[in-house]
Amino acid sequence: MTPSISHSDDNPDHEHQTVPSDPALRVKALESLLVEKGLVDRAALDVLVDTYEHKVGPRNGARVVARAWIDGSYKTRLLSNADAAIAELGYAGMQGEHMIVLENTAKVHNLVVCTLCSCYPWPVLGLPPVWYKSAPYRSRAVIDPRGVLREFGLQLLDDVQVRVWDSTAELRYLVLPQRPSGSEELSEDSLAALVTRDAMIGVANVMAPGRGNHI
Amino acid sequence: MNGVHDMGGMHGMGAIDAEINEPVFHAPWEGRLFALRRAMGAWRRWNIDVSRHAVEMVPPAEYLRLSYYARQFEAFLEMLLNAGFVTRSEIQTGIAASGEVKATPALTIEQAAALIAKGVPTSRDLPVAARFQVGQRVRARNMHPVGHTRLPRYARARSGTIHRDHGVFVFPDTNAHFLGEKPQHVYSVRFGARELWGEQAAEQDAVYVDLWDDYLEPARA
């Protein structure tokens, strides 16, 4: 049996909370119990883990963003009926059943949070990072969005309106970042490569190649 | 419930700690737990609102102390016990008591693929009338239910504007307690940042909160 290593032991810089002793052993024992009772199928569990660990992630969302940047009619469809437009690229499903896309402009910056827990658009971004589910982000995003953005290295000008979207219901939000200047010649694939997860949550802008994260 | 999970606007939680090149799961058990929760959910003995409420019921000090998945594990055990899938003695010993063994798990490989691809929509195609219209001024009710709710404290008794009508959805406050779906309209409600936070907030900023009909009342004159 493999020794149990808790996350907090493993990554002291990134997990200040603790886990119960031997979570690995406890979860393993529970899985065995549920398998023994015929309640779960290990192969189905493997499919779920493999899908969200390896197949679904922010590259999906990046493809949606890049398509919207190069195809005006796609962008129009994306902003008016996100579910259908995202499905055009083959992305749909669990925790993305009801999608809304928010367009950043020179005067509007959108930021997505789930103050109550961890709601996040899985089909286009995968599972959320720890910081998105953490108390600091959840508590501050609504009361001090500009401070949060500064912490991520993004200083917004006063004439930009910040819109924070709290995912309190079953709507899931994806930010359509501004296309960076200097990217006019890039292909759709090259554009998609520029788009980061953080930009699609709204805590960053997309930078053209060779640019820093500044205004 | 006025739980510690309802964090919007709280102070003192510290700096945001964003990990570079973060793995999806920090240890294999997190992935197994993630999958187990979906696989057991397929028995339909609870719903997403029940599972959210179970996490909120983790005592506040524990909630803050535990990691995200550790917190979910505690809540998952409670749901399994409440639904009668396992007993405390089975969890403690890890050994199944003699008894019925299910011939077919609720979630097979094929069903897992379908779940991933289709999800579990919570909208309902029902002719429920909307109580509010886009552009209308509304006030979030000043309510403090001891059960589950998705109306965050920071929005209660605050006034905003209906920005969008999302259509009809299951109502969490009843669904979380097996009291029915009570389908009703959900709206995106725009609250000015200063309405929520006072003069310290930037005048042009706003917070949009998705709120059900039962959370809202017409704005006071």
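Two residues are in contact here if their C-beta atoms, placed from the backbone, lie within 7 Å. The structure is a predicted model, and the contacts described below are computed from it.

**Confidence and overall layout**

The model has an ipTM of 0.97 and a pTM of 0.93. For chain B the mean pLDDT is 96, with 100% of residues at 70 or more. Chain B contains 8 helices and 5 strands, and their order along the sequence is α-α-α-α-α-α-β-β-α-β-α-β-β. The C-alpha trace of chain B extends over about 65 × 45 × 35 Å along its principal axes.

**Domains**

Chain B is split into domain 1, residues 28-118, and domain 2, residues 137-218. Between the C-alpha centres of these two domains of chain B the distance is 29 Å. Contact between them involves 6 residues of domain 1 of chain B and 4 residues of domain 2 of chain B. On the domain 1 side of that contact in chain B there are 1 nonpolar, 2 polar and 3 charged residues.

Chain A also has a domain 1, residues 21-55, and a domain 2, residues 57-201. The C-alpha centres of domain 1 and domain 2 of chain A are 31 Å apart.

**Helix packing**

Two packed helices are described by the angle between their axes and the distance between the axes. Two pairs are tabulated here, one from each chain.

| Helix pair | Residues | Angle | Axis distance |
|---|---|---|---|
| H2(B) and H4(B) | 48-56 and 68-82 | about 120° | 8 Å |
| H4(A) and H5(A) | 58-70 and 72-80 | about 125° | 5 Å |

In chain B, the residues of H2(B) that take part are B:Val50, B:Ser51, B:Ala54 and B:Val55, and they meet B:Arg71, B:Gln72, B:Ala75, B:Glu78 and B:Met79 of H4(B). By class, this contact of H2(B) with H4(B) comprises 5 nonpolar, 2 polar and 2 charged residues. The angle of about 120° leaves H2(B) and H4(B) oblique to each other. Their crossing is right-handed.

In chain A, H4(A) packs on H5(A) at about 125°, and H4(A) is therefore oblique to H5(A). The crossing of H4(A) with H5(A) is left-handed. A:Val64, A:Arg67 and A:Ala68 of H4(A) meet A:Tyr74, A:Lys75 and A:Leu78 of H5(A). The contact of H4(A) with H5(A) holds 4 nonpolar and 2 charged residues, and no polar ones.

**Contact between the chains**

How many residues does each chain give to the contact? Chain B gives 78 residues and chain A gives 74. On the chain B side, the elements with two or more residues in the contact include the helices H1 (28-41), H3 (60-65), H5 (88-93) and H6 (109-118). H2 and H4 of chain B, the helices of the packed pair above, are also among these elements. Strands E2 (159-169) and E4 (206-212) of chain B belong to the list as well.

Which helix of chain B gives the most to this side? H1(B) does, with 10 residues. By class, the side of chain B that touches chain A consists of 49 nonpolar, 15 polar and 14 charged residues.

Methods:
Residues are numbered from 1 along each chain as its sequence is written. Chains are lettered from A and ligands numbered from 1 in the order in which they are written. This is a predicted model: local features need pLDDT of at least 70, side-chain atom pairs count only at pLDDT 80 or more; totals for chains, interfaces and linings use all residues. Axes are lines fitted to C-alpha atoms, for helices over the stretch in contact, and angles run from 0 to 180 degrees between N-to-C directions. Helices (H or I, at least four residues) and strands (E, at least two) are DSSP runs, numbered from the N terminus. Angles under 35 degrees count as roughly parallel, over 145 as roughly antiparallel, 65 to 115 as roughly perpendicular and the rest as oblique. A crossing is left-handed if the near helix is turned anticlockwise from the far one by less than a right angle, and right-handed if clockwise. Ala, Val, Leu, Ile, Met, Phe, Trp, Tyr, Cys and Pro count as nonpolar, Asp, Glu, Lys and Arg as charged, and the others, Gly among them, as polar. Domain bounds come from an automatic or database domain assignment. pLDDT is the predictor's confidence in each residue, from 0 to 100.
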